[in-house]
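Here is a short briefing on a single protein chain. Start with the strands, then move to the contacts between side chains.

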Amino acid sequence: MTHEPLPTIRRLDARSLRGLAHPLRMRLLSSLRLDGPATASQLAARLGESSGATSYHLRQLAEYGFVEDDPGRGKGRERWWRSVHQRTMTDEHLLLAQDPEVRGALSTLLHEYATQRAQEVSTWIATRHEWSREWVEAADTSDYTLDLSPALAAELSHRVRELVESYRAAAPQDGTPDAAKVRVHSHIFPVRPRTDDS
């Protein structure tokens, strides 16, 4: 399925964070980005929700600038939606915010991201037998534990992002046999050692 390229990044501020930090809105936006433009009814069927709920939350996403009408699609009163950006970025000032409302919205956002990513990995595990041997061998669900300082962890995050972004230019042409969208999850965070009584 071919989609026109989107502007790359939407940087969140406190207002747009509050507008996005809702589980269904996040799932709607993710579906539009991954699967392309759709109607509220199509999204409802995709996500197991009512079309009334998807329609309401799509309008909310539009109000905050995350989605927009796709005028090149649909007939009559059929309203198609598309994402405005490829991805969303949370800036440091939000991560460090002391405002309880902002912290609550950020917590909702991050927990929903974690839930969505866990679901994606679970779906891969459950359906891997449907993919070619090459895809099964190419996929990876590894984890690593390193001893790092905050500066080294930040450098690692930056280098991982750079490496992932370098593969956008290498994307195969439409119609390339066995090509697929690939999800890459990155989680870099400190952990406290477990004690004998924990």
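Strand E2 (residues 38-39) and strand E4 (residues 80-83) pair in the antiparallel sense, over two bridges. This is a predicted model. The mean pLDDT of the protein chain is 91.

**Strand pairing**
- In the E2 and E4 pairing, Thr39 stands opposite Trp80 of E4.
- E4 also pairs with strand E3 (residues 67-69), in the antiparallel sense and over three bridges.
- Glu68 has Arg82 in E4 as its bridge partner.

**Salt bridges**
- The count of salt bridges comes to 13.
- Glu68 and Arg82 meet through their side chains in a salt bridge, at 2.9 Å from N to O. This pair links distant parts of the chain, with Glu68 in strand E3 and Arg82 in strand E4, 14 residues apart.
- Glu68 is partly exposed, because its relative accessibility is 32%. Arg82 is partly exposed too, at a relative accessible area of 24%.
- A network of salt bridges links Glu68, Asp70, Arg73 and Arg82.
- Asp35 and Arg46 form a salt bridge between their side chains, at 3.9 Å from N to O. Asp35 lies in helix H2 (residues 23-35) and Arg46 in helix H3 (residues 40-47), so the pair ties together parts that are 11 residues apart in sequence.
- Asp35 counts as partly exposed at 33% relative accessibility. Arg46 is partly exposed with a relative accessible area of 36%.
- Glu165 forms a salt bridge with Arg87, and their closest N and O atoms are 3.5 Å apart. Glu165 lies in helix H8 and Arg87 in strand E5 (residues 87-90), so this pair ties together parts that are 78 residues apart in sequence.
- Glu165 counts as partly exposed at 30% relative accessibility, and Arg87 does at 25%.

**Burial and surface**
- Buried residues make up 24% of the 198 residues in the protein chain.
- Thr54 lies in helix H4. Thr54 is buried, because its relative accessible area is 0% and buried means under 20%.
- Beyond residues up to four places away in sequence, Thr54 touches Leu28, Ala40, Leu43, Ala44 and Glu49.
- Tyr144, Leu146, Leu148 and Leu152 make a nonpolar surface patch of about 450 Å².
- Leu152 of this patch sits in helix H8 (residues 150-166). Leu152 is partly exposed, with a relative accessible area of 41%.
- The accessible surface of the protein chain comes to about 14,200 Å². Carbon and sulfur atoms hold 52% of that surface.

**Overall layout**
- The protein chain has eight helices and five strands.
- Read along the sequence, the pattern is β-α-α-β-α-α-β-β-β-α-α-α-α.
- The C-alpha trace spans about 65 × 50 × 35 Å along its principal axes.
- Among contacts with a separation of 6 or more, 64% join residues 24 or more positions apart.

**Confidence**
- In the protein chain, 95% of residues reach a pLDDT of 70 or more.
- Confidence is highest in helix H4 (residues 51-63), at a mean of 97. Confidence is lowest in helix H5 (residues 92-95), at a mean of 88.
- Over residues 1-5, pLDDT stays under 50. For these residues the model has five contacts beyond four places in sequence.

How values were computed: Residues numbered from 1 in each chain as written. Predicted model: local features only at pLDDT ≥ 70, side-chain atom pairs only at ≥ 80, totals over all residues. Heavy atoms only, no water. pLDDT = per-residue confidence, 0-100. Helix = DSSP H or I, 4+ residues; strand = E, 2+ residues; numbered from the N terminus. Contact = heavy atoms within 4.5 Å. Buried < 20%, exposed > 50% of the residue type's maximum accessible area, 1.4 Å probe, protein only. Patch = residues over 30% accessible without salt bridge, like charges linked within 9 Å, V, L, I, M, F, W, Y side chains within 5 Å. Areas by Shrake-Rupley, 256 points an atom, 1.4 Å probe, with all protein chains shown as cover. Salt bridge = Lys/Arg side-chain N within 4 Å of Asp/Glu carboxyl O. Pairing = 2+ DSSP bridges.
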